[in-house]
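Subject: Structure handover

Hello,

Here is the structure you asked for. Please open it and keep it in view while you read.

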Amino acid sequence: MAAEIRLFTCLSDNFGYLVHDTETGATASIDAPEAGPIIAALEREGWKLTDILVTHHHGDHVGGVAELKQKYACRVVAPHDANAKIALVDLRVQEGDTVKVGALAARVLETPGHTLDHVSYVFDEARALFAADTLFSIGCGRVFEGTYPMMWESLLKLRALPDDYRLYCGHEYTVANVKFALTIEPDNAALLTRARQVEDQREAGQPTVPTLLGDEKKANVFLRADVPEVAAAVGLAGNSAAEVFGEIRERKNNA
Ligand code: ZN
Ligand code: FE
């Protein structure tokens, strides 16, 4: 059993992702920012869409759902949400659920904060984490609906995954994220290494994603709010990690 993953750009800075099960031919799109690039990627590969795994209700993650469902009669999987903001859902999932994509299994982790309904999908066999707008490379999502402590808990949940898992995030924001992270941790060796790598990737016209979770843990300041040096760098030595996280997020909002 093997998973093949394809990534491509949607809209201006969203990532589209296909996860394909070579055994059964099942193919999932992680979110659906817009139908066109997803259909193009499917046709390039000769794959048929069987599932859409939605992470949260924002338009840049569900905009293509209706057209794709119409074209492929695929199953739409989305977070359990009492307000049911997402349309055309066939299966609602919550923490601890496992979704099958053919023979592949995706675990559902609730990661609220950016929105209250946000979930992340973990394919353990493929060692892949699809974290959408909760965790970016060297960044994290804006906290629109939740609270800073809630978002920090969500990041801790993702940080607890193994170092060799790859992070596939929702947006290509890495250049700006690196620039901001360096204002807080200018001497972080892992961050400086990542900064050079990102520069090379952008120069070569390549995406900066996926990255290894182990590298993110060392270089992503938003995953490091409980590191004493980071707390001190934002003038909050001795404060709780959630407070330090909130301060870092505020600074990024105003950057
Ligand atoms: Zn979003
Ligand atoms: Fe988004």
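Below are the notes on the metal site, the aromatic rings, the cores and the cysteines.

This is a predicted model, in which local features need pLDDT of at least 70, side-chain atom pairs count only at pLDDT 80 or more, and totals for chains, interfaces and linings use all residues. Residues are numbered from 1 along each chain as its sequence is written, chains are lettered from A and ligands numbered from 1 in the order in which they are written, and side-chain values use heavy atoms, with hydrogens and water left out.

Metal site

Start with the zinc ion (ligand 1). Its protein donors are His56 (NE2), His58 (ND1), His114 (NE2) and Asp133 (OD), at 2.2 to 2.3 Å. Donors are N, O and S atoms within 2.8 Å of the metal (3.2 Å for Na, K and Ca); water is not among the atoms, so sites may look incomplete. The angles among the four donor atoms run from 85 to 171°, and the site is irregular. Four donors count as tetrahedral if all angles lie between 85 and 135 degrees; four count as square planar and six as octahedral if opposite donors are over 155 degrees apart and all others between 65 and 115; anything else is irregular. Along the chain, the donor spacing reads H-x1-H-x55-H-x18-D. His56 sits in the loop between strand S4 (51-53) and helix H2 (59-62), and His114 in the loop between strand S8 (104-110) and strand S9 (119-123), so the pair ties together parts 58 residues apart in sequence. Helices (H or I, at least four residues) and strands (E, at least two) are DSSP runs, numbered from the N terminus. His56 and His114 are both buried. Buried means under 20% relative accessible area, exposed over 50%, partly exposed in between (1.4 Å probe, protein chains only). Asp133 also bridges the zinc ion (ligand 1) and the iron ion (ligand 2), which are 3.2 Å apart.

Aromatic rings

The whole structure holds ten aromatic pairs. Rings of Phe, Tyr and Trp (its six-membered ring) pair if their centres lie within 6.5 Å; planes under 30 degrees apart count as stacked, over 60 as edge-to-face and the rest as tilted. Phe180 and Phe222 are stacked, 6.0 Å centre to centre with 25° between the planes. Phe180 lies in helix H5 (residues 174-184) and Phe222 in the loop between helix H7 (213-219) and helix H8 (228-233), so this pair joins parts 42 residues apart in sequence. Phe222 is buried, at 1% relative accessibility. Phe222 also pairs with Phe245: the centres are 6.2 Å apart and the planes at 70°, so this pair is edge-to-face. Phe245 lies in helix H9 (residues 241-253), 23 residues from Phe222. Ring pairs also link Phe15, Tyr17, Phe123, Phe130 and Tyr168 into a cluster.

Cores

The largest nonpolar core has 61 residues. Phe245 and Ile248 are among those with the most contacts inside it. H9 gives this core its largest share, five residues. A second, separate core has 21 residues, including Val54 and Cys74. A nonpolar core is a set of buried Ala, Val, Leu, Ile, Met, Phe, Trp, Tyr and Cys residues joined through side-chain atoms within 4.5 Å.

Cysteines

How many disulfides are there? The count is zero. A disulfide is a pair of cysteine sulfur atoms within 2.5 Å. The sulfur of Cys74 is 14 Å from the closest cysteine sulfur, in Cys10, too far for a bond.

Best wishes
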